[in-house]
Amino acid sequence: MAKAVWNNQVIAESDSTEMVEGNHYFPKESVKQELLRSSDMHTTCPWKGEASYFSLEVDGQSNPDAAWTYPEPKEAAANIKDHVAFWRGVTVTD
């Protein structure tokens, strides 16, 4: 069971993550959506496509752009569509 934790709060938990480039991508339904805030940040990966970011809001604390997703990934990354990954101090364990 993989778990993502930040600020002592479980953000996501799943036994069916996708591993890509060392990152656990959690199914969207396993992520606590109420802790995510849309961000204006976007990045582009040559083989995955355009990533959209979210900031985390937990107990009055903000972690800007700490989560990302590929809403319309390229074919090579189709397995991470509707999945969310984390960084910037989010601890992910399995």
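Among contacts in the protein chain that link residues at least 6 apart in sequence, 43% join residues at least 24 apart. Keep in mind that this is a predicted model.

**Exercise 1. Work out which secondary structure elements the protein chain has, and how compact the chain is.**

Solution. Start with the count: there are nine strands and zero helices. Reading from the N terminus, the order is β-β-β-β-β-β-β-β-β. Next, take the radius of gyration, which is 12 Å; the globule rule gives 12 Å for 94 residues, so the chain is as compact as a globular protein of that length. Along the principal axes, the C-alpha atoms fill a box of roughly 35 × 30 × 20 Å.

**Exercise 2. Describe the burial, surface and charges of the protein chain.**

Solution. Begin with burial: 45% of the 94 residues are buried. Finally, tally the charged side chains: 8 are positive and 15 negative, and the centres of the two sets lie 2 Å apart.

**Exercise 3. Is Ser52 buried or exposed, and what does its side chain make a polar contact with?**

Solution. First locate Ser52: it sits in strand E6, residues 49-58. Its relative accessibility is 16%, and buried means under 20%, so Ser52 counts as buried. Now check the side chain, which makes a polar contact with the side chain of His42 at 3.3 Å. Leaving aside neighbours within four places in sequence, Ser52 also touches other residues, including Met41, Trp68 and Pro71.

Methods. Residues numbered from 1 in each chain as written. Predicted model: local features only at pLDDT ≥ 70, side-chain atom pairs only at ≥ 80, totals over all residues. Heavy atoms only, no water. Helix = DSSP H or I, 4+ residues; strand = E, 2+ residues; numbered from the N terminus. Rg over C-alpha atoms; globule rule 2.2 N^0.38 Å. Buried < 20%, exposed > 50% of the residue type's maximum accessible area, 1.4 Å probe, protein only. Contact = heavy atoms within 4.5 Å. Areas by Shrake-Rupley, 256 points an atom, 1.4 Å probe, with all protein chains shown as cover. Lys, Arg positive; Asp, Glu negative; His and termini not counted. Charge placed at Lys NZ, Arg CZ, Asp CG, Glu CD. Polar contact = N/O pair within 3.5 Å; in protein donor to acceptor, adjacent residues only side chain to side chain.
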